[in-house]
Amino acid sequence: MSRYVTLKKSDADFLKYMWGTFSGTERALPIESLNPGTAQESITFEIKNLKEIKRPSDLFIFSCLIKWNYFFLLFIPLFYVGVKNYVFQRIFDPTSFGLAAAASLFLFAGLNIRNDVIDHVSGFDRIIKTAGKKPLLLGWTTADSANHISWILCVIAIALAVPVCIRQHEAVRVVGITLGLFLAGNFLNKNNYKFNHFSEFVLFLILGPALCSGYQVAMGSGVDTEILIFGAVWGVAVLFLLYIVQFSNLFETSQAGIKNTLTQMGFDRSKIFLMSWWSFFIVLWTVYHFLYASQFWLWFGTAILIFWSLPTFIQITSTHSPIGSDLIQVRKAGNRAFALMNGILVFELIWNIYTQIQGPL
Amino acid sequence: MSVKIFSPQDFPAYLPKLNSLYDDLFAGGKGFRSKLVQIVSKPLKLSTETETLLCQTIEFIHNASLLHDDLIDRSQLRRGKPAAWTKYTPEYAVLAGDYLLARVMVNLSGHGNIKLVQYTSGIISDLLEGEWLQDSVVGDFFITVAQLDRIHNLKTASLFKWCLKAPFIALENYDKELHVILDEMGTLLGQLFQRSDDLLDYDIRNDEGKVILGDLKSGYLNSFGAFVSAKMSRSEIDQMVKSKDLSDFYFIFDPDQAAGKEKFLSKVNQFDAVNLQKIELYHHYVQQLSGKLMLMKLDKTSTEQLVQILNSLTDLLYFRKKSV
């Protein structure tokens, strides 16, 4: 027999239940609602004894919380910046580079958890069910514990970033601009930063040009045109992933009244937009390779990318409903195209290292 | 009280076949939704005129949706008789449905409560969105129960929500908290009713004699089908889609007919267990509603009766117990 408790947001105990601090032996699991207005008024919790919850290992819960599968969004630019500067022998401060890399990873992990906590407390995660395990909704941990972990990770990130800023003064400007963008993205928007026009642009800047130039500044090489162009290419690719997610949640987000690029375009136009965006990315990719890569990678890499993108375009075109299983297939196809692009890039970078060591063939 | 309220104003006699079409349509219905409106209206002491209007409204909307639904699904039968689009013409079926919805707006706007008109229009939009979405997933045999829930929330639950909320709106009670509770109750009732209806397709508690595997054969994987197929391999799903009767369906679980049926029934039990949790949640909301009604200082006896009836609805809608 389940036990339920419904609390208004104005109730004295509301936050205790929301943060999971109301009991040491029980968890309050918010019930999903199909009525978008509900989360603004009250939340119904299912009260479960801790013994009833099948809790996986702490490591698994932690990996779910930090969303380790998205870490490649940092690893690829990190690898790129490292290789680029290794090839040109411009790694002047490897220690700062290492510290900046570690700081960004800790910060990314901390912010991912924070994002989940905010979604949980606002009730957003009861309306929009995204893919992947949600430790807070499943009761594996409390919002309070997750929040603590998030702060610890963010503090470690700051502690690691301070020596970088001391050693490389230019890094202060990059961190300052990034922080400003992040705060603007958070505070100028009603919803989560993932779901708004301005926030999409902020996400493009932070995970694209700002991240790439930040790594390069940290190693003492300053900012150059190549890194900014690569950052822009990467940012556009990251937004493609975001748009794929927005597409797969189009119906739910539209119902909840959330405004983002795809909900404003609607189902039919979103399909065209997704294909146009990825085509735009391929154009940028080609321009970047035309300017900074060898003829081989320009033609070979681009040809493979175009060829591999065709199934993605076909999948998007053949999607008939904003609610069926086609959406999962679109998401998979989009992720596959993105993964292949990463594969080509990594292979190209490894090839660059090899030719640097061996000398040109 | 009869809910079949025809008036020359509603249905002009000079339109050929319209009244005979409605006669056929309204004759076989149980009028469950209008009964629910009456049950909720009783402790609120709505005027007979308002109560009649609400009952008429919900029956008109429901029957309009049936006229359109049968045509979309190409269903030959409705309540054991030829569907309107087959007996008359598809054009007349569409127009008759449209006409019912138009009359709803004419009648409601005459009542003068703009919030009620607005809410009812929203529900009709939801209903149509649900139909549209359902049509868009025909042939999708990998759809999940959660995705179908969203469609059913629009298509089926919207009318249950209306039945619960409209009497309060007619009374100009717009208490947000109360309406959130009623929304959640309506959603759960709609889901339970739809899931039970989907089980009929697999001949579970099928006292109505609904056609077996009708949904599946018309390319629509219903909630029970989605529940059963969630852990199936692609080849098993292919086999399921090709099932001509329940024997074929049991074969997916086990080549031995008896063992296959046993495994199938164990799936039904699992499905029931999932829905029992929804029933428990529904009862929690009824309890919440009871608290709200007490604060409204309504007649205690009729409020208690209402709570009792609302609590028993799950037996009627999900378990199809006739004695409730």
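**Conventions.** I number residues from 1 along each chain as its sequence is written, and I letter chains from A and number ligands from 1 in the order in which they are written. Since the model is predicted, local features need pLDDT of at least 70 and side-chain atom pairs count only at pLDDT 80 or more, while totals for chains, interfaces and linings use all residues.

**Chain B overall.** I looked up the secondary structure of chain B, which comes to 15 helices and 2 strands, where helices (H or I, at least four residues) and strands (E, at least two) are DSSP runs numbered from the N terminus. The radius of gyration of chain B, taken over C-alpha atoms, is 21 Å, close to the 20 Å that the globule rule gives for 324 residues, so chain B is as compact as a globular protein of that length; the rule itself is 2.2 Å times the number of residues to the power 0.38. I noted that the C-alpha trace of chain B spans about 60 × 50 × 30 Å along its principal axes. Of its 324 residues, 42% count as buried, a residue being buried if 20 or more other C-beta atoms, placed from the backbone, lie within 10 Å of its own.

**Domains of chain B.** Domain bounds come from an automatic or database domain assignment, which divides chain B into domain 1 (1-112) and domain 2 (142-324). Taken over C-alpha atoms, the centres of these two domains are separated by 24 Å. I found 16 residues of domain 1 of chain B in contact with 16 residues of domain 2 of chain B, contact meaning that the C-beta atoms, placed from the backbone, lie within 7 Å. On the domain 1 side, α2(B) gives the most, with 9 residues, and that side divides into 10 nonpolar, 3 polar and 3 charged residues. For these classes, Ala, Val, Leu, Ile, Met, Phe, Trp, Tyr, Cys and Pro count as nonpolar, Asp, Glu, Lys and Arg as charged, and the others, Gly among them, as polar.

**Contact between the chains.** I then turned to the contact that takes 23 residues from chain B and 20 residues from chain A. On the chain B side, α6 (114-136), α7 (145-155), α9 (176-200) and α14 (257-295) each supply at least two residues, and the residues of that side divide into 8 nonpolar, 7 polar and 8 charged.

**Helix α14 of chain B.** The 39 residues of α14(B) should span 57 Å at 1.5 Å a residue, and the end C-alpha atoms are 57 Å apart, which agrees; the expected span is 1.5 Å times one less than the number of residues. Among its buried residues I list B:Phe271, B:Tyr282, B:Tyr285 and B:Leu289. The buried residues of α14(B) pack against β1 (3-8) of chain A together with α2, α9, α11 (223-229) and α15 (300-317) of chain B. Just after α14(B), B:Lys297 takes a positive phi of about 55°.

**Core.** Which residues touch the most other members of the largest nonpolar core? Of its 154 residues, these are A:Tyr215, B:Ala84, B:Cys163, B:Met185 and B:Leu189; such a core is a set of buried Ala, Val, Leu, Ile, Met, Phe, Trp, Tyr and Cys residues joined through C-beta atoms within 7 Å. Helix α11 (residues 225-248) of chain A gives the most to this core, with 12 residues. Not counting residues up to four places away in sequence, B:Met185 touches B:Leu164, B:Tyr282, B:Tyr285, B:Val286 and B:Leu289.

Terms used
Contact = placed C-beta atoms within 7 Å. Buried ≥ 20, exposed ≤ 12 C-beta atoms within 10 Å, placed from the backbone.
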